[in-house]
Amino acid sequence: MSSTEATSIEYEVDGMSCSHCEAAIREGVLSTAGVKEVKVSAETGRMRVTGSVIDEAAVIAAVRNAGYDAKSAATSCCGHCADAQGKG
Ligand SMILES: [Cu+2]
């Protein structure tokens, strides 16, 4: 039995303003292959996607499809860096 290891990728999402935005994005990204869980926060402008195999480009495409823009926040070495960059 191979256990599926979950990967988690964080994104910065532009244009969210309320829970409707969150829901629209969550639904879109959840329909992307390999994605198991999506946590979106309009307050922080962040999204965390968890799944077995995550296609980053497909996730971003799904967000754009919903009418928003996303970019990976995983370009930095750790969460602290990502945080600092996100607030810049
Ligand atoms: Cu909204």
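Student: What makes the four strands a sheet, and in which order do they stand?

Tutor: Strands are DSSP runs of E with at least two residues, helices are runs of H or I with at least four, and both are numbered from the N terminus. Two strands pair if DSSP finds at least two bridges between them. Here the four strands form an open sheet, ordered β2-β3-β1-β4, with antiparallel pairing. This is a predicted model: local features need pLDDT of at least 70, side-chain atom pairs count only at pLDDT 80 or more, and totals for chains, interfaces and linings use all residues. Residues are numbered from 1 along each chain as its sequence is written.

Student: Why is one side of β2 and of β4 left without a neighbour in the sheet?

Tutor: β2 and β4 (69-72) stand at the edges with a single partner strand each, so one side of each has no neighbour there.

Student: How do you know that β1 and β4 pair?

Tutor: Four bridges join these antiparallel strands, and the definition asks for at least two, so they pair. In β4, Ser-72 is the bridge partner of Tyr-11.

Student: What is Met-47 in contact with, beyond its neighbours within four places in sequence?

Tutor: Contact means C-beta atoms, placed from the backbone, within 7 Å. By that rule Met-47 is in contact with Tyr-11, Val-13, Ile-25, Val-38, Lys-39, Val-40 and Ala-70.

Student: Which residues touch the most other members of the largest nonpolar core?

Tutor: Val-13, Ile-25, Val-29, Met-47, Val-49 and Val-63 do, out of 18 residues. β1 (7-14), α1 (19-30), β2 (35-41), β3 (46-51) and α2 (56-65) each supply at least two core residues.

Terms used:
Core = buried A, V, L, I, M, F, W, Y, C linked by C-beta atoms within 7 Å. Buried ≥ 20, exposed ≤ 12 C-beta atoms within 10 Å, placed from the backbone. Contact = placed C-beta atoms within 7 Å.
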